[in-house]
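Dear colleague,

Please find below the structure that I am handing over to you. A summary of the findings follows it.

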Amino acid sequence: IASNVWVYPTNSFLRLLYIFDAVRTGKRIVHEHKVDLISTQDPFETGLAGLRLAREYKIPLHVQIHTDFLNPAFAASSYLNRVRVRIARKVLPHARGIRVVSQRIADSLLASGYKLKAVPAVLPIFVDIARIQTTESAFNLHEKYPQFSFIALAASRLEKEKNISLALRTLARVVVKYPKTGLIIAGEGSERARLESEARSLNIAGNVIFVGWQEDLTPYFKGADVFLSTSEYEGYGLALIQAAASGC
């Protein structure tokens, strides 16, 4: 996909084969290229695949951590996440380098008791604040939704840990006194149908707009009156930074 970037899909038939297929594909890559470092995007499934390759070929392993997996809410959210915490405990002590996106994750990792070979390096996700501040909005949010005198915005993946239900339940209480309050929800995920049903059951469907995944959230951040972050845990909270840069 670039002069120095190649992407190899695993073409897995089942999700259960992801790790096995990643290792198999990784072996082919190691043989085809002069690989001297393996970097994985997380210490979970990809971390386990990376560890197996690093051990077999005696290549240094670098692990990135983008989510606050040591937050109790992470493990509590699903059985799979509890398994992931156990995998991370096995993978991270073998990493020669660890990149985390926030100081909070670094602190929790250092306090975890893991016997780490590397001190976590904090490298946040890059946000082009200057571009956000100078970009003109493609439309005026209040003009697009004139039925609302006050607009709240939630922007995230529509998954259980993002806790969008909290925003809906809160809105149901607000509209009793301020009926022209609107909630714009930007994002997609497995929870969308359930959240739409919940909005109807709370009798606030007319106050909630699901706009799906948006390539450019600038008009939403710059047009909303308030940004809501209801996540049970965050690794970095990219949307919070973007909202702040937009003056929301």
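Which residues does Leu141 touch, not counting residues up to four places away in sequence? They are Ile151, Pro219, Tyr220, Gly223 and Ala224, where a contact means heavy atoms within 4.5 Å.

Before going further, please note that this is a predicted model, in which local features need pLDDT of at least 70 and side-chain atom pairs count only at pLDDT 80 or more, while totals for chains, interfaces and linings use all residues. Residues are numbered from 1 along each chain as its sequence is written, and side-chain values use heavy atoms, with hydrogens and water left out.

The protein chain has 11 helices and 8 strands; these are DSSP runs numbered from the N terminus, with helices being H or I of at least four residues and strands E of at least two. Of its 248 residues, 42% count as buried, that is, under 20% relative accessible area, whereas exposed means over 50% and partly exposed lies in between (1.4 Å probe, protein chains only). Along its principal axes, the C-alpha trace spans about 65 × 40 × 40 Å. Among the contacts with a separation of 6 or more, 69% are between residues 24 or more positions apart.

To return to Leu141, this residue belongs to helix α7 (residues 141-144). Leu141 counts as buried because its relative accessibility is 0%.

Strand β5 (residues 150-155) runs parallel to strand β6 (residues 181-186), and 6 bridges join them. An open sheet of 4 strands, paired in parallel, has the order β7-β6-β5-β8. Its edge strands, β7 (208-212) and β8 (226-227), each pair on one side only; two strands pair if DSSP finds at least two bridges between them.

Thr25 is buried, as its relative accessible area is 5%. A polar atom of the Thr25 side chain lies 2.8 Å from the backbone oxygen of Asp21. Leaving aside neighbours within four places in sequence, Thr25 is in contact with Tyr8, Pro9 and Thr10.

With kind regards

Definitions and conventions: A polar contact is a pair of N or O atoms within 3.5 Å; within protein, one must be able to donate a hydrogen and the other to accept it, and residues adjacent in sequence count only if both atoms are side-chain atoms.
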